[in-house]
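User: I would like to learn how to read the features of a protein model, one at a time. Could you give me the general idea first and then the case at hand?

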Amino acid sequence: DQLCLDATCAIVQALGHEARPYSDAAAAIRAMTVAAAANHGQVAVISDLTMPGLNGQAVAEAAFDAGVPCLLLSGGWNWVALTRAAAVGARTHDKPCSMAAIQATLDEFAAAMRAKNLAAAEHAANASSLFSKTKP
């Protein structure tokens, strides 16, 4: 609902991050996919598990497909949906969720992204050195 959306955005902004709120989950997925493909810095999704039109599990699956970390917030535990979301790497927190818990999760996401980028850079450097060697 709008109150949860506004509160979550306010928390994310208070923690020093940019937040782009979407009340339409399908539009959020499209924007997330474009941002991830364009590599516009740190991209993460925070979504409610249950919402009209599209559930958080579908958001988590789309985030996984785009390589974007996802945090799902849940006021009531739907164990089936949470288990499926976890299977694609989504993190979950009960609502209400503290600022510290959100910050810790965003820090984990950022650390994982740095490690992924470092591994990709090392792989590219190794591949480049393989092709730049001259024959004896």
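User: What should I know about the model before reading it, and how many helices and strands does the protein chain have?

Analyst: This is a predicted model, in which local features need pLDDT of at least 70 and side-chain atom pairs count only at pLDDT 80 or more, while totals for chains, interfaces and linings use all residues. Residues are numbered from 1 along each chain as its sequence is written, and side-chain values use heavy atoms, with hydrogens and water left out. Helices (H or I, at least four residues) and strands (E, at least two) are DSSP runs, numbered from the N terminus. On that basis the protein chain has 5 helices and 3 strands, and along the sequence their pattern is α-α-β-α-β-α-β-α.

User: How do the strands pair, and in what order do they lie in the sheet?

Analyst: In general, strands of a sheet pair through backbone hydrogen bonds, either parallel or antiparallel. Two strands are counted as paired if DSSP finds at least two bridges between them. Here 3 strands form an open sheet in the order β1-β2-β3, with parallel pairing. The edge strands, each pairing on one side only, are β1 (45–48) and β3 (91–94), and the twist from one strand to the next averages 25°. Between β1 and β2 (residues 70–74) there are 4 bridges; V45 has C70 as its bridge partner in β2, and I46 has L71. Another 4 bridges join β2 to β3, where T92 is the bridge partner of L72.

User: Which residues of β2 are buried on each of its faces?

Analyst: In a regular strand the side chains alternate between the two faces of the sheet. Buried means under 20% relative accessible area, exposed over 50%, and partly exposed in between (1.4 Å probe, protein chains only). In β2, C70, L72 and S74 are buried on one side, and L71 and L73 on the other, so that 5 of its 5 residues are buried. For the protein chain, buried residues make up 31% of the 136 residues.

User: How do α2 and α3 pack, and at what angle?

Analyst: Two packed helices are described by the angle between their axes and the distance between the axes. The axes are lines fitted to C-alpha atoms, for helices over the stretch in contact, and angles run from 0 to 180 degrees between N-to-C directions. Helix α2 (residues 25–37) packs against helix α3 (residues 56–66) at about 15°, with the axes 10 Å apart. Angles under 35 degrees count as roughly parallel, over 145 as roughly antiparallel, 65 to 115 as roughly perpendicular and the rest as oblique, and α2 and α3 are therefore roughly parallel to each other. Contact means heavy atoms within 4.5 Å; A25, I29, M32, T33 and A36 in α2 meet A58, V59, A62, A63 and A66 in α3. The buried residues of α3 are covered by elements including α2, β1, β2 and α4 (79–87).

User: Is I11 buried or exposed, and which residues does it contact beyond its sequence neighbours?

Analyst: I11, in helix α1 (residues 2–14), is buried, with a relative accessible area of 19%. Beyond neighbours within four places in sequence, I11 contacts C97, M99 and I102. I11 and Q103, 92 residues apart in sequence, are 9.2 Å apart in space, C-alpha to C-alpha.

User: Where does P96 lie, and what is the peptide bond from K95 to P96?

Analyst: P96 lies in the loop between β3 and α5 (99–132), and the peptide bond from K95 to P96 is cis, with omega near -5°.
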